[in-house]
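User: Could you walk me through this model in a few questions and answers?

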Amino acid sequence: MAGEITSSEYIQHHLTNWTYGKHPDGHWGFAHSAQEATEMGFWAIHVDSMLWSIFLGSLFLLIFRKASKNMTSGVPSGLQNFVEWIVDFVNENVRGSFSAKNDLIAPMALTIFVWVFLMNLMDLVPVDWIPHLAGIIGHAVFGVDPHHVYFKIVPTTDPNITFGMAFAIFALMLYYGIKIKGPGGFFGELAFQPFGKWGMPANLLLEGISLISKPVSLALRLFGNLYAGEMIFILIALLYSGGIVWGTIGGFLQLGWAIFHILIILLQAFIFMVLTIVYLDMAHQEHH
Amino acid sequence: MNINLTLIGQSIAFAVFVTFCMKVVWPPIMAALDERKKKIADGLAEAERGLKQQELAEQGAEKKLAEAKQQASDILSQAQKRANEIVEDAKSVAVEEGNRIKEAAHAEVEKEVNRAKEQLRTQVSTIAVAGAERILKKEINADAHQDILDDLATQI
């Protein structure tokens, strides 16, 4: 599979998104290499990340919408049972961690949990299947060199995706923080603790960092875990080009890592959800 | 690993999905879950009430049974008493009646005796008169006389 390309090229290829954006010379188009994608700067979009993210999010909503339309309070059918199980689990968590009343939190927690889980789940698809397929299609249909078709299928290994969600949550934290505590109360929380009003600069620095670190750590934790996980899958996949012995070892390694990774993807989705609930709960509470 | 527009795209997608979930998906599920919770609670309360009612009914039935038994034995003893009374009454009436019949029979016998005596008296006097008449008519015939006497004697 690595073919005539080197290992580092293979890894590089797997870590590059399918990017559509503004080339430095001013015209818009797809990037044909990692170099070009980087040169596009901010005015570019990762088509593969967005595609999979929206596809998986829609899949989640479609399934849950179907279940919620046929919801009955009688004996639940299979799908309803499954959906209820997840909804109950999420609702339990929200009720346990979130003390204020806000109808947004529970549905948001559900969306985050299932959506992030589905996005993480793509990590378990063998790393070459879909990118290779995309390469073949790209070559056959669009006549592009397959080595220039980039297709990452795990949206959560793209920091844009995790930061995108974390910043949306951060915006909600700020919105509810100011709405519940008032602008004065919100500012007071940043400025007058932990050292009282005479330590205001130190307070602002400390509290400001702690505030900013919340979305950053939220996004980086998910990204880091999934990125590392995918990297290991890619490294294991490299073994397949090393002959039958290495290939067999790689098969076992991949199986083992995939089984272990099931735990990670579920755990990371859960952590993302719980931290969102906790951060928003903090935004709803008046501490002092 | 470039930070670019994808960030904003994902934020928008996130907002849209969360809104859709909040408006369309979540409420029906929650409504159904709450309704089921209520149904179950109602069912349990109903079962509790039914059990209590059954207990009450059992108690009532036991009480009624005891009452019925009591009543039956009362009726039985009353009947016994009444029967004894009737037998006693019948006995006394019978004795009285017997006495009455006996007395009537005694009176009848006495009356019969008296009438027989009366009859005898009248007959004796008649026979005596007839004897005297015959004696007076046939004084000369001793034999005849003897015959009459004999006849008289036999007649007495």
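Analyst: Happy to! This is a predicted model, where local features need pLDDT of at least 70, side-chain atom pairs count only at pLDDT 80 or more, and totals for chains, interfaces and linings use all residues. Residues are numbered from 1 along each chain as its sequence is written, chains are lettered from A and ligands numbered from 1 in the order written, and side-chain values use heavy atoms, without hydrogens and water.

User: How many helices and strands does chain A have?

Analyst: Elements are DSSP runs, numbered from the N terminus: helices are H or I of at least four residues, strands E of at least two. From the N terminus on, the order in chain A is α-β-β-α-β-α-α-α-α-α-α-α. That gives nine helices and three strands.

User: How are α3(A) and α4(A) oriented to each other?

Analyst: Axes are lines fitted to C-alpha atoms over the stretch in contact, with angles from 0 to 180 degrees between N-to-C directions. The axes of α3 (residues 47-69) and α4 (residues 78-97) of chain A come within 9 Å and cross at roughly 110°. Angles of 65 to 115 degrees count as roughly perpendicular (under 35 is roughly parallel, over 145 roughly antiparallel, the rest oblique). The two helices are therefore roughly perpendicular.

User: Which residues of α4(A) meet α3(A)?

Analyst: Contact means heavy atoms within 4.5 Å. From α3(A) come A:I63, A:F64, A:K66 and A:A67, and they meet A:L79, A:V83, A:I86 and A:V87 in α4(A).

User: What share of the area buried between chain B and chain A is on carbon and sulfur atoms?

Analyst: Buried area is the accessible area (1.4 Å probe) that two parts lose on being put together, summed over both. The contact takes 30 residues from chain B and 53 residues from chain A. Of the roughly 3700 Å² buried, the carbon and sulfur share is 73%.
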